[in-house]
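Please look through the sequence and the 3D structure shown below before reading on. The report that follows takes up a few helix pairs, chain contacts and backbone details in turn.

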Amino acid sequence: MHGIGVFVCHCGSNIAATVDVEKVVEMAKLEPGVVHAEEYQYMCSEAGQEKIATAIREKNLKGIVVCSCSPRMHEATFRKCAEKAGINPYMVEIANIREQCSWIHKDVEEGTEKAVILTRAAIAKVNLNTSLVPGESLVTKRALVIGGGIAGIQTALDIADAGYEVDIVEKTPSIGGKMSQLDKTFPTLDCSACILTPKMVDAAAHEKITLYTYSEVEKVSGFVGDFTVEIRKKARYVNMDKCTGCGVCMEKCPSKKAPSEFNAGLNNRTAIYTPFAQAIPNVPVIDPNQCTKLKTGKCGVCEKFCQAGAIDYTQQDEIVTQKYGAIVVATGFDVIKLDNYDEYAYSQSKDVITSLELERIMNAAGPTKGHLERMSDGKHPKNIVFIQCVGSRCNDSKGKPYCSKICCMYTAKHAMLIRDKYPDVNVTVFYIDVRTPGKNFDEFYRRAVEEYGVNYVKGQVGKVTPEPDGSLTVHGVDLLENKQLKVSADMVVLAAAIEPNPAVRKIATMLTASIDTNNFLTEAHPKLRPVESPTAGVFLSGVCQGPKDIPETVSQAGAAAIKVVGLLAKDKLLTNPCTAKPDELRCNGCSVCANVCPYGAISYEDKLINDHGVRETRRVAAVNSALCQGCGACTVACPSGVMDLQGFSNRQIIAEVDAICR
Amino acid sequence: MSHGNKNQAAKVKEISGTNPLKCMKCGKCSASCPAFDKMDIKPHQFVSYVVNEDVEALAKCESLWVCLSCFACVERCPRDVKPGKIVDAARQIVVREKGGNYLSANEIPELVEEDLPQQLLVSAFRKFRR
Amino acid sequence: MSINNEEFRPQIVAFCCNWCSYAGADLAGSSRLAYPADVKIIRVPCSCRVNPMFILRAFEKGADGVIICGCHPGDCHYSTGNYYARRRMTLLFSMLDYVGIERGRTRVEWVSAAEGVKFSQTMNEFVETIRGLGKNVRLGDLRCKK
Amino acid sequence: MEKYGLKSKFIRKGYRCMKYSYYPGCTLRTKAKKLDDYMRASAKVLGIELEEIENWQCCGGVYPLSSDEIATKLSSVRALNEAKEKGQDLVTLCSACHHVIKRVNDDMQNVEDIRTRANNYLKFDEPYNGETKVLHFLEILRDEIGFDKLKEKVVNPLTGKKIGAYYGCLLLRPSEILAFDNPENPTIIEEFIRALGAEAVIYPYRNECCGGYISLKAKDLSENMCNNIVNSADGFGAEMLVTACPLCQYNVTKNSEKDLPVIYFTEILAEALGVKEEVDAQ
Amino acid sequence: MQEIISRLEQLFAEGKINRVLGWKKGDLAYNPEVSYFESAEALKDFVYDGFCGANLSKYMIQGSALEGVTAILLKPCDTYSFNQLIKEHRVDREKVYIIGIGCKGKLNIETIKAMGIKGITGIKGAEIDCACDELTVETLYGDKKVAYKDAMLERCHVCKGKEHMIYDELLLESADTLDGDRFAGVDAIEALSPEEKFEFFRKELSKCIRCNACRNVCPACSCRKCVFDSNKFDSEQKANVDPFNESMFHIIRAFHVAGRCTDCGECSRVCPQGIPLHLFNRKFIKDINEYYGDFIAGENAEEKGPLTNFTLDDMEASERR
């Protein structure tokens, strides 16, 4: 290609200090095809860009090389500049002579030599560049939210309020999530149900929101703007259209032995159930593992009593297929299993409970009707010990390496509520650190200490031993006093770590969204794109991205919503033109490329090929450029080199190799 | 603010195979230690003597000789620091030095009782002597 | 041909994936973590874009060492690219060992965007290894050699 | 059980000719001879064949924690290698021997430095790389025979007896390496007690240390610890304690105020299998 | 042989096949030529003997384009290649009638010649229905006796087995011929020092004249246009201009067929320079088996190949032996 322009940036002294930019210009001029080369202080500045534009117009340049900072920094800038000046934006190559040259070399001669070589490689590459035009894809104006907790509800409400259709898929029978299980919320002590249930009702009533409860995402295909999702609506065995939510079925059901998920297993529920009284939708489901009728064919009590005739034992799972433009993951969290922490006697004593179980005990709708009672004997406890960081901040094989973030605050809340309601109860909190960053958080914790007399002890607990008299001895340490403590307690509450809902791994795989070693979804950028997944069109809301409390979850939910709205507001999306492209004439049709494509972007068609005058129908590969993300896996899999990647073609890379090794 | 012997601290880290910097000072070791009351330097404090390269002070302490190597601290340490291995390494450094034996053979007869199992003597010899 | 290692400046080609390793190299740069200028980086979208032909071509044209850098397994931007790359490079390099090419001349390293230090360390190590091995005389167009 | 490394593939229940190498250890030859005798008599009933390692040397009683200690680990390696050459698993009975040998074996498997140096020192025909599987006699009862099968073999069920298991520390910790049972809430001896027809008393101090060798120089410390153990067991209704460790047996008996009998688990095994009298008569 | 011909005639008569892909007599006693037989009558020229060792699978890429059904004779080892071609959509199963033919080992004339036997005029004992363990080589200098086993192709000594992976019908019995270790050659090279390895391959590969016989015969090397003939990588060249090209060509060729190569050994058989090319392919096979679990290309037509597959905990390149 004739007509290449080379533009060398000083970047102030960032480059010029260790690279002789004039020498680079001089050497660049000697390269074949180069008709123009110049240097300038700041190429990315308006004046610098103007120089490029002028040179393109005046020298009729076909391609340009900018020797500057990393392409990750300003490739887009210079592409735009080139486009404005009238050439295809993909006729731009960057030689990274700052991050990968001037900044790491001290010797000017060495730096200059390398800069010349990098420039030469970029020139060699641009020589083989071709104009590329991004494709377009249509945007389906509908969003999917996976998970119906507070994160999912808030995201859905915000998207719906902006005027777009949203579906919420929730795997349990009701939306509401973990927040519905909480009694009060810190630091204001509002009743959780009082602030959550109106939002649940709003979501259910919103004309733009469709709820798929007791449903799971089964399969996801497609790409940003055009996802196709299969949703499995699990059989409820209750006809949602007929059920009036009267609740008689639940009263009459003789199978009452299933541990109640909502009450954290502290009491039992019936086989036909709604998780809680304010459930939305207020339509029960039959648990097929518990229902006598479904297991043995005998019983049928609920059907007999249902006046609406809503019970249907023959109901089957149903698959709904729906198209979406964007997907929000809001799968939330679970409390970790405490199998690895038997030193705290969780499995040995009923009076050692998790904080979530305490929430249920404290809640008026809970197993004890809100009375503080021991689960073993129903007695009112006099001494309660809280143990912090159970499974959090562990880098052994048993726990989680991260801080679960919410435990310090909810423990302060529990301690305060107990001391407030039952001043006769002594409360001791064993802590490692009390972490209270957040508005009014530290004040809240201090109130627990100062106004409510909660006894905070810095130090961890080694063991909890049940005593013959039914009490518990907590073997702890007071690190500030340097003393071992043996505290007698009637109840021990463990601040168990939280972990992402285990289902998220499967969902992340379906979405090709990346996930970290702790199963938290990875954000596209930890600071600047915290609610987006690296996979285009997939957004993150709530604890699935990292531990957070309710206010943070709600604000992240809103942020995710606005990102979705920003996407759905577009009619069309431009696709990355650096996609794979087969040479049909030479394609063997062997399918090896399709086998390695992570996006299912390659299909095969029988096509009439005119091979130098011979016309025959052949099986050849075809790439869906909207699906192809341009990784290049197929190009290497193809033995005949038929599959090539635009923008990073075989010959371009070979040219770079040659230029470097010359 | 290192005020001690770098080599000894390095030796402790090496032969114990522990990294004292992993410690987050939670105190679970001290809460678990059955010999806590007998110790002058407490299990959660071992790490700081190594970090501050003050193994001399650690070597002089009583804790060396009352640690039972029962491994409760190692088992429960959430940070995989293994305080029990640190104190044993310090004990090794002491007994390897000349005159560092904590138990002399002459003491044995008066300590031995009728039913005392061999295992006890063997173990004590291993722990208290070179 | 006598090799004076003092003056021997190896020619090293590093293929870096755009999303992790190239960004890791940028981070090494912005953290001013030096490594020898002998290393020249070629940006590819993913480690799975690296064709064995590129590697042999580099050796042919006079490279003394070739290193492939990609995202850590599990972190691939394209989710699975580096897994394919891992298999391909393992087999290819094993074959190069088999035909008698010095093992140290080829390397695969996973470097994340946050691992500027690792990038710089890896390159320093690699250059050191290649310097120790001397010029690549076994795999190359001998006409390119001086 | 899987969690503690006991993969079900190792669990081969049922009767067959079970031949093992056996490492008794020093104490079992003298003060704790009964621990050994009862076990041998019971093993015969259960069809377990034990071949004592020739010329075994004392394990040292405590595992040398320092990574640069080699000499003190060699006696264990010799025993392990002998079992390997015979192609047998190595069985131990004393908690201390079990602890030391299992940990040395782990070093031989996983710590290259120790493996190399030990092999350089010992110069076996073929280097020992931790191939032998180390089993406690209780593990054989649980994983090879199975407690359900053991139950069938019981002729004198210990019905009505309330027995507490005392594990101590050596059998359980560090769980990562010993992989014997849940270190904080073990069940193997309880299951054993139940298999013999007695009632297993569960008390929280069963995995606490008895004081070990410390009782030699700091008796009061051991007394404090043993009293905790015995008081807790007594409080939960135990009539006796069983243990696998001669040192535990000694400390808990000698250093506690309460007069709670502490006996070896093999004694109740022999009793239930109907061979105790025969041993006692020897 | 008559049994084969009778069966083929019958198939023609039944209208099940339109042609046969087989062999006709060549100009010498030991070089039968691959040929199509378009009718039952044409079968008078048909031969099938111990020298009919070629793997006919690859012919069916072209054969699939012909009208009607072609009958093809495949030995057990050939069926692996055929399966692999099905997997890669290169042959049309519907258009092939596979006669899985028994095999008692195929002969290599080069091996016989290498015994110092010259002036060969005829060979007795190579007939397919002859159960002889011995060949009688007729030469200008009198008859020579050669044990059948000693004259076999290398691949027969490391035979993959007597079972056909795919067929429409089976004909004739197979014999066990396996008496060698397939990876012994690779092991021997692996045991060398890098210098010795380099010398070995330099010596072997410097013989290469780039006649492309290996490529043309290889059932896995079936690209419409080989990368070495195309401009896709700036790699087109007809001759080896320097030692690098020789290495590059053979390494890349082996890499391109890695995970697809059925180790049929045709490359080594046809090499006019006698380069042991199978040593490249077997190295990949050995590595694949060792690193990613045993895999036999062409065992079936469905399983993913090792290079189009992965596991999350595959070994790293640095862990290679």
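## Two helices within chain B

The axes of helix H1 (residues 6-16) of chain B and helix H7 (residues 83-96) of chain B cross at roughly 120 degrees and come within 9 Å. Here axes are lines fitted to C-alpha atoms, for helices over the stretch in contact, and angles run from 0 to 180 degrees between N-to-C directions; helices (H or I, at least four residues) and strands (E, at least two) are DSSP runs, numbered from the N terminus. H1(B) and H7(B) are therefore oblique to each other, given that angles under 35 degrees count as roughly parallel, over 145 as roughly antiparallel, 65 to 115 as roughly perpendicular and the rest as oblique. The crossing of H1(B) and H7(B) is right-handed, a term used if the near helix is turned clockwise from the far one by less than a right angle, whereas anticlockwise makes it left-handed.

On the side of H1(B), the contact is made by B:Gln8, B:Lys11, B:Val12, B:Ile15 and B:Ser16, while H7(B) brings B:Lys85, B:Ile86, B:Asp88, B:Ala89, B:Ala90, B:Gln92 and B:Ile93; two residues are in contact if their C-beta atoms, placed from the backbone, lie within 7 Å. Sorted by type, the residues of this contact of H1(B) with H7(B) are six nonpolar, three polar and three charged, where Ala, Val, Leu, Ile, Met, Phe, Trp, Tyr, Cys and Pro count as nonpolar, Asp, Glu, Lys and Arg as charged, and the others, Gly among them, as polar.

## How to read the model

This is a predicted model, in which local features need pLDDT of at least 70 and side-chain atom pairs count only at pLDDT 80 or more, whereas totals for chains, interfaces and linings use all residues. Residues are numbered from 1 along each chain as its sequence is written, and chains are lettered from A and ligands numbered from 1 in the order in which they are written.

Helix H18 (residues 650-661) of chain A packs with helix H2 (residues 52-60) of chain C at an angle of about 20 degrees, and their axes are 9 Å apart. H18(A) and H2(C) are therefore roughly parallel to each other, and their crossing is right-handed. In this pair A:Ile653, A:Ile654, A:Val657 and A:Cys661 of H18(A) meet C:Phe54, C:Arg57 and C:Ala58 of H2(C). The residues of this contact of H18(A) with H2(C) comprise six nonpolar, no polar and one charged.

## Where the chains touch

Between chain C and chain A, 37 residues of chain C are in contact with 37 residues of chain A. On the side of chain C that touches chain A, helix H1 (21-30), strand S2 (39-44), H2 and helix H3 (81-98) of chain C each supply at least two residues, and H1(C) gives the most, with six residues. That side of chain C divides into 20 nonpolar, nine polar and eight charged residues.

The contact of chain E with chain A takes 16 residues from chain E and 17 residues from chain A, and the side of chain E that touches chain A has four nonpolar, five polar and seven charged residues. Chain C and chain D, by contrast, do not touch, and their nearest C-alpha atoms are 24 Å apart. Likewise, no contact joins chain B and chain E, whose closest C-alpha atoms lie 25 Å apart.

## The fold of chain C

Chain C has four helices and four strands, which follow the pattern β-α-β-α-β-α-β-α along the sequence. The radius of gyration of chain C is 15 Å, close to the 15 Å that the globule rule gives for 146 residues, so chain C is as compact as a globular protein of that length; this radius is taken over C-alpha atoms, and the rule is 2.2 Å times the number of residues to the power 0.38.

## Backbone details

Most residues other than glycine have a negative phi, and most peptide bonds are trans. The peptide bond from A:Ile280 to A:Pro281 is cis, with omega near 0 degrees, and A:Pro281 lies in the loop between strand S15 (272-273) and strand S16 (285-286) of chain A. Another cis peptide bond joins D:Arg173 and D:Pro174, with omega about -5 degrees. A:Tyr214, although not a glycine, has a positive phi of about 50 degrees, and its place is in the loop between strand S10 (209-212) and strand S11 (215-223) of chain A.
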